[in-house]
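Welcome! Take a look at it first, and then read on.

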Amino acid sequence: MEKHIKPFFHSIVMPFILALLFSLSSNLDNFVIGFSYGVQNKRIALVPNMIIALITAVVTYLSMVLGQWLTHLISHQESSDIGSIVFIGLGLWSIGNSFSNNKKNTP
(Lines give C-alpha, C1' and ligand atoms only; values in the text may rest on other atoms or scores of the structure.)
Protein backbone atom coordinates (compact mmCIF):
# COMPACT_ATOMS: atom_id res chain seq x y z
CA MET A 1 0.00 0.00 0.00
CA GLU A 2 2.83 2.40 0.81
CA LYS A 3 4.24 1.87 -2.70
CA HIS A 4 1.11 3.44 -4.18
CA ILE A 5 0.96 6.40 -1.80
CA LYS A 6 4.50 7.66 -2.41
CA PRO A 7 4.20 8.19 -6.21
CA PHE A 8 0.77 9.78 -5.75
CA PHE A 9 2.15 12.13 -3.10
CA HIS A 10 5.14 13.18 -5.21
CA SER A 11 3.26 13.54 -8.48
CA ILE A 12 -0.04 15.08 -7.36
CA VAL A 13 -0.04 16.28 -3.75
CA MET A 14 3.44 17.81 -3.53
CA PRO A 15 3.09 20.02 -6.66
CA PHE A 16 -0.30 21.18 -5.37
CA ILE A 17 1.17 22.10 -1.97
CA LEU A 18 4.06 23.92 -3.66
CA ALA A 19 1.62 25.77 -5.93
CA LEU A 20 -0.49 26.74 -2.94
CA LEU A 21 2.53 28.07 -1.03
CA PHE A 22 3.80 29.92 -4.08
CA SER A 23 0.40 31.45 -4.80
CA LEU A 24 0.16 32.59 -1.17
CA SER A 25 3.58 34.21 -1.35
CA SER A 26 2.87 35.81 -4.72
CA ASN A 27 -0.40 37.25 -3.40
CA LEU A 28 1.27 39.23 -0.64
CA ASP A 29 0.86 42.32 -2.80
CA ASN A 30 -2.89 41.67 -2.75
CA PHE A 31 -2.70 41.66 1.04
CA VAL A 32 -1.01 45.06 1.05
CA ILE A 33 -3.61 46.47 -1.35
CA GLY A 34 -6.41 45.00 0.72
CA PHE A 35 -4.89 46.44 3.87
CA SER A 36 -4.64 49.91 2.34
CA TYR A 37 -8.26 49.65 1.14
CA GLY A 38 -9.28 48.64 4.64
CA VAL A 39 -7.54 51.67 6.15
CA GLN A 40 -9.54 53.85 3.73
CA ASN A 41 -12.76 52.02 4.71
CA LYS A 42 -13.22 50.68 1.18
CA ARG A 43 -14.61 47.16 0.96
CA ILE A 44 -13.68 44.55 -1.61
CA ALA A 45 -16.18 41.77 -2.07
CA LEU A 46 -15.12 38.31 -0.98
CA VAL A 47 -16.23 36.52 -4.16
CA PRO A 48 -14.06 38.57 -6.58
CA ASN A 49 -11.08 38.13 -4.27
CA MET A 50 -11.64 34.39 -4.09
CA ILE A 51 -11.97 34.15 -7.88
CA ILE A 52 -8.69 36.01 -8.39
CA ALA A 53 -6.95 33.83 -5.78
CA LEU A 54 -8.32 30.66 -7.38
CA ILE A 55 -7.20 31.71 -10.86
CA THR A 56 -3.75 32.58 -9.51
CA ALA A 57 -3.46 29.22 -7.75
CA VAL A 58 -4.60 27.23 -10.81
CA VAL A 59 -2.28 29.09 -13.20
CA THR A 60 0.62 28.70 -10.77
CA TYR A 61 -0.09 24.97 -10.45
CA LEU A 62 -0.28 24.56 -14.22
CA SER A 63 2.95 26.48 -14.73
CA MET A 64 4.70 24.28 -12.16
CA VAL A 65 3.43 21.13 -13.86
CA LEU A 66 4.55 22.50 -17.23
CA GLY A 67 7.94 23.37 -15.73
CA GLN A 68 8.26 19.86 -14.34
CA TRP A 69 7.41 18.45 -17.77
CA LEU A 70 9.98 20.71 -19.41
CA THR A 71 12.73 19.37 -17.14
CA HIS A 72 12.51 16.16 -19.15
CA LEU A 73 13.16 18.07 -22.38
CA ILE A 74 15.74 20.67 -21.34
CA SER A 75 18.87 20.07 -19.28
CA HIS A 76 19.64 22.04 -16.15
CA GLN A 77 22.48 23.90 -17.89
CA GLU A 78 20.25 24.86 -20.83
CA SER A 79 17.52 26.14 -18.52
CA SER A 80 20.08 28.19 -16.57
CA ASP A 81 21.39 29.66 -19.82
CA ILE A 82 17.90 30.50 -21.05
CA GLY A 83 17.01 32.08 -17.69
CA SER A 84 20.20 34.14 -17.73
CA ILE A 85 19.49 35.37 -21.25
CA VAL A 86 15.94 36.33 -20.27
CA PHE A 87 17.14 38.28 -17.20
CA ILE A 88 19.88 40.02 -19.18
CA GLY A 89 17.33 40.89 -21.88
CA LEU A 90 14.90 42.28 -19.29
CA GLY A 91 17.69 44.33 -17.73
CA LEU A 92 18.78 45.75 -21.09
CA TRP A 93 15.16 46.50 -22.01
CA SER A 94 14.63 48.26 -18.68
CA ILE A 95 17.79 50.36 -19.11
CA GLY A 96 16.81 51.23 -22.69
CA ASN A 97 13.31 52.15 -21.54
CA SER A 98 14.74 54.39 -18.83
CA PHE A 99 16.96 56.21 -21.34
CA SER A 100 14.10 56.71 -23.78
CA ASN A 101 11.86 58.08 -21.00
CA ASN A 102 14.60 60.49 -19.92
CA LYS A 103 14.95 61.78 -23.51
CA LYS A 104 11.20 62.38 -23.73
CA ASN A 105 11.06 64.22 -20.39
CA THR A 106 13.99 66.59 -21.02
CA PRO A 107 13.05 69.87 -22.73
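A pocket, as the word is used here, is an open set of grid points where a 1.4 Å probe fits, with protein on both sides within 12 Å along at least five of seven lines. Please keep in mind that this is a predicted model. With that in hand, let us begin with the overall picture and then visit a few places.

**Overall picture**

- The protein has 4 helices and 0 strands, and from the N terminus on its elements follow the order α-α-α-α.
- Of its 107 residues, 5% count as buried.

**The largest pocket**

- The volume of the largest pocket is about 320 Å³.
- Its lining is made up of 13 residues, and the closest to the pocket centre are Asn30, Gly34, Ile44, Asn49 and Met50.
- Two helices, α2 (28–39) and α3 (46–70), each give at least two residues to this lining.
- Helix α3 provides the largest share of the lining, with 5 residues.
- Sorted by class, the lining residues are 7 nonpolar, 4 polar and 2 charged.

- Helix α2 is built from 12 residues and spans 17 Å from its first C-alpha to its last, close to the 16 Å expected at 1.5 Å a residue.
- Just after α2 comes asparagine 41, with a positive phi of about 60°.
- Asparagine 41 takes this positive phi although it is not a glycine.
- You will find asparagine 41 in the loop between α2 and α3.
- Is asparagine 41 buried or exposed? Asparagine 41 counts as exposed because its relative accessibility is 67%, and the cut-off for exposed is over 50%.

**Methionine 64 in helix α3**

- Methionine 64 is part of helix α3.
- Methionine 64 has a relative accessible area of 27%, so this residue is partly exposed; that class runs between the limits of 20% and 50%.
- Which residues does methionine 64 touch, leaving aside its neighbours within four places in sequence? Methionine 64 is in contact with Pro15, Leu18 and Ala19.
- Methionine 64 and phenylalanine 22 are 42 residues apart along the chain, and their C-alpha atoms are separated by 9.9 Å.

Definitions and conventions: Residues numbered from 1 in each chain as written. Predicted model: local features only at pLDDT ≥ 70, side-chain atom pairs only at ≥ 80, totals over all residues. Heavy atoms only, no water. 1 Å grid on protein atoms, 1.4 Å probe; cavity = no way out; pocket = protein on both sides within 12 Å on 5 of 7 lines; lining within 4 Å. Points joined across faces, edges and corners; volume = space filled by probe spheres on them. Nonpolar A, V, L, I, M, F, W, Y, C, P; charged D, E, K, R; others polar. Expected span 1.5 Å × (residues − 1). Buried < 20%, exposed > 50% of the residue type's maximum accessible area, 1.4 Å probe, protein only. Contact = heavy atoms within 4.5 Å.
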